[in-house]
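Please look through the structure below before reading on. The report that follows takes it part by part.

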Amino acid sequence: ATPAVAGSNLQRSCDTTGGHAGPADRRPPLLRWRTGTGAAMSAPAPPDVLSSPVLRDFWYPVAPLSRLAQGPMSATLLGESLVLWLPTPTSADAPAAAQDRCSHRRAPLSLGVVTDRRLRCAQHGWAFAADGRCVYRPQFPTASIPASCHVRGFACRARYGYAWVCL
């Protein structure tokens with residue numbers, strides 16, 4: 001049986017059909033309510049919570065440090081694809097996090113390897129520092145590296161056995 005909502009004659013029911021509140025509102029309803037007569041009433045879903053800039057200012061535990069000791073790994077935090085790694089195998093106190101895409105051909109950096117404290121892309125060998133800066137391109141070893149080659153790095157700290165990330 002569906003529990004009654006306190007202070008009203010409405011009953012709360014789970015909407016498993018993915019129905020919409022109406023033709024103008026294409027978002028699925030947050031809750032679907034049924035009155036005592038069985039007529040359905042819907043409340044519109046709130047804006048996408050994951051895109052809220054407020055949530056990006058907090059620290060989140062993303063991966064156990066023991067997993068990062070095995071090599072780079074991918075993770076998703078608030079809709080953002082991340083790659084996490086340890087710059088050195090013994091640096092469990094200094095994990096790193098960046099966007100999980102190489103700026104050259106968009107290959108996942110999580111498929112790369114860590115060499116010389118840098119994350120090296122598996123596709124063409126571009127190397128990235130812990131802050132997301134591209135520090136080496138084997139195709140142009142002596143040329144200066146433009147800012148467009150860098151990826152976005154994220155604040156990452158080791159606490160309580162986990163890598164914590166703040167976007």
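## A serine in a loop

Where does S103 lie? S103 sits in the loop between β7 and β8. Helices (H or I, at least four residues) and strands (E, at least two) are DSSP runs, numbered from the N terminus. This is a predicted model, in which local features need pLDDT of at least 70 and side-chain atom pairs count only at pLDDT 80 or more, while totals for chains, interfaces and linings use all residues. Residues are numbered from 1 along each chain as its sequence is written, and side-chain values use heavy atoms, with hydrogens and water left out.

S103 counts as buried, at 13% relative accessibility. Buried means under 20% relative accessible area, exposed over 50%, and partly exposed in between (1.4 Å probe, protein chains only). A polar atom of the S103 side chain lies 2.4 Å from the backbone oxygen of C149. Leaving aside neighbours within four places in sequence, S103 is in contact (heavy atoms within 4.5 Å) with W126, F128, S148, C149, H150 and V151.

The loop between β7 (96-99) and β8 (113-115) also holds R106. At 53% relative accessibility, R106 counts as exposed. R106 and Q123 are 17 residues apart in sequence, and their C-alpha atoms are 9.4 Å apart in space.

## The chain as a whole

From the N terminus on, the order is β-β-β-β-α-β-β-β-β-β-β-β-β-β. Of the 167 residues, 35% are buried.

Among contacts with a separation of 6 or more, 37% join residues 24 or more positions apart. The accessible surface (Shrake-Rupley method, 1.4 Å probe; for residues, only the protein chains shown count as cover) comes to about 10,000 Å². Carbon and sulfur atoms account for 56% of that surface.

## Two nonpolar cores

A nonpolar core is a set of buried Ala, Val, Leu, Ile, Met, Phe, Trp, Tyr and Cys residues joined through side-chain atoms within 4.5 Å. The largest one has 17 residues. L68, L82, L84, V165 and L167 have the most contacts inside this core. The elements that give two or more residues to this core are α1 (65-68), β5 (73-77), β6 (80-85), β12 and β13 (162-166). Another core lies apart from it, with 14 residues, including C102, L109, C121 and C134.

Which residues does V165 touch? Not counting residues up to four places away in sequence, V165 touches F58, W59, Y60, V62, L77, L82, L84, A97, F154, A155 and C156.

## Charged pairs

How many salt bridges are there? The count comes to two, where a salt bridge is a side-chain nitrogen of Lys or Arg within 4 Å of a carboxyl oxygen of Asp or Glu. E80 and R56 form a salt bridge, 3.2 Å from N to O. E80 lies in strand β6 and R56 in the loop between β3 (40-43) and β4 (59-64), so this pair ties together parts 24 residues apart in sequence. E80 counts as buried, at 16% relative accessibility.

D131 pairs with R133 in a salt bridge, with the closest N and O atoms 2.8 Å apart. D131 counts as partly exposed, at 41% relative accessibility. R133 is also partly exposed, at 41%.

## An arginine without a salt bridge

R137 is in the loop between β11 (134-136) and β12 (153-159). R137 is buried yet has no salt bridge. Its nearest side chain of opposite charge (Lys and Arg count as positive, Asp and Glu as negative; His and the chain ends are not counted) is D131, 14 Å away.

The R137 side chain instead reaches the backbone oxygen of S144 at 3.2 Å. Leaving aside neighbours within four places in sequence, R137 is in contact with W126, A143, S144, I145, P146 and C149.

How values were computed
Polar contact = N/O pair within 3.5 Å; in protein donor to acceptor, adjacent residues only side chain to side chain.
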